[in-house]
Amino acid sequence: MHTYSIAPNVDLTGWVVKLEDVAPEEEHNTKDEAIEAAERMAKENKPSEVQIFDENHDVIEKRRFE
């Protein structure tokens with residue numbers, strides 16, 4: 001299963017989408033844009049999970065795509 005994570009970047013000016021918590025796949029200006037991009041990638045690479053992190057890097061939501 002692929003895991004995509006969405007978290008704020010280091011200086012909190014944007015949101016980063018990563019695959020398997022490795023190098024960033026994409027960076028977006030808003031959280032909503034990042035979620036949309038991660039969900040698109042997850043749907044294209046099922047089975048996948050999207051994990052959404054807050055500013056403290058705590059998981060606040062998980063979404064699965066089977």
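This is a predicted model: local features need pLDDT of at least 70, side-chain atom pairs count only at pLDDT 80 or more; totals for chains, interfaces and linings use all residues.
1. Of the 66 residues of the protein chain, 39% count as buried.

2. Overall dimensions. The radius of gyration of the protein chain is 11 Å; a compact globule with 66 residues would have a value near 11 Å, so the two agree. Along the principal axes, the C-alpha atoms occupy a box of roughly 35 × 20 × 20 Å.

3. Secondary structure. The protein chain contains 1 helix and 5 strands. Their order along the sequence is β-β-β-α-β-β. As for the range of the contacts, 33% of those between residues at least 6 apart in sequence join residues at least 24 apart.

4. Nonpolar core. The largest nonpolar core has 13 residues, and the members that touch the most other members are Tyr4, Ile6, Val17, Ala38 and Val50. Two or more residues of this core come from each of β1, β2, α1 (31–44) and β4 (48–53). The largest share, 6 residues, is supplied by α1.

5. Contacts of Val50. Leaving aside residues up to four places away in sequence, Val50 touches Tyr4, Ile6, Ala38, Glu39, Ala42, Glu61, Lys62, Arg63 and Phe65.

6. Largest pocket. The volume of the largest pocket is about 160 Å³. The elements that contribute two or more residues to its lining are β1 (2–8) and β2 (15–19). Strand β1 provides the largest share, 3 residues. The residues that line the pocket are Ser5, Ala7, Pro8, Asn9, Val10, Val16, Lys18, Asp21, Pro24, Phe53 and His57. Sorted by class, this lining comprises 6 nonpolar, 3 polar and 2 charged residues.

7. Ala7. This residue is located in strand β1 and is one of the residues lining the largest pocket. Is Ala7 buried or exposed? Its relative accessible area is 12%, which is under the 20% limit, so Ala7 counts as buried. Beyond residues up to four places away in sequence, Ala7 touches Gly14, Trp15, Val16, Phe53 and His57. Of these, Val16, Phe53 and His57 also belong to the pocket lining. A further lining residue, Asp21, is 14 residues from Ala7 in sequence, with a C-alpha to C-alpha distance of 10 Å.

8. Trp15. Strand β2 includes Trp15, which is among the residues touched by Ala7. The relative accessibility of Trp15 is 11%; because the limit for buried residues is 20%, Trp15 counts as buried. Which distance separates the C-alpha atoms of Trp15 and Asp32? These atoms are separated by 9.0 Å, and the two residues are 17 residues apart along the chain.

9. Asn56. The loop between β4 and β5 (59–65) holds Asn56. With a relative accessible area of 61%, Asn56 is over the 50% limit and is therefore exposed. In sequence, Asn56 and Pro8 are 48 residues apart, while their C-alpha atoms are 9.0 Å apart in space. Pro8 is itself one of the residues that line the largest pocket.

Conventions:
Residues are numbered from 1 along each chain as its sequence is written. Side-chain values use heavy atoms; hydrogens and water are left out. On a 1 Å grid over the protein atoms alone, a cavity is a set of points where a 1.4 Å probe fits but cannot get out, and a pocket is an open set with protein on both sides within 12 Å along at least five of seven lines; lining residues have an atom within 4 Å of a point. Grid points are joined across faces, edges and corners, and a volume is the space filled by probe spheres set on the points. Helices (H or I, at least four residues) and strands (E, at least two) are DSSP runs, numbered from the N terminus. Ala, Val, Leu, Ile, Met, Phe, Trp, Tyr, Cys and Pro count as nonpolar, Asp, Glu, Lys and Arg as charged, and the others, Gly among them, as polar. Buried means under 20% relative accessible area, exposed over 50%, partly exposed in between (1.4 Å probe, protein chains only). A nonpolar core is a set of buried Ala, Val, Leu, Ile, Met, Phe, Trp, Tyr and Cys residues joined through side-chain atoms within 4.5 Å. Contact means heavy atoms within 4.5 Å. The radius of gyration is taken over C-alpha atoms; the globule rule is 2.2 Å times the number of residues to the power 0.38.
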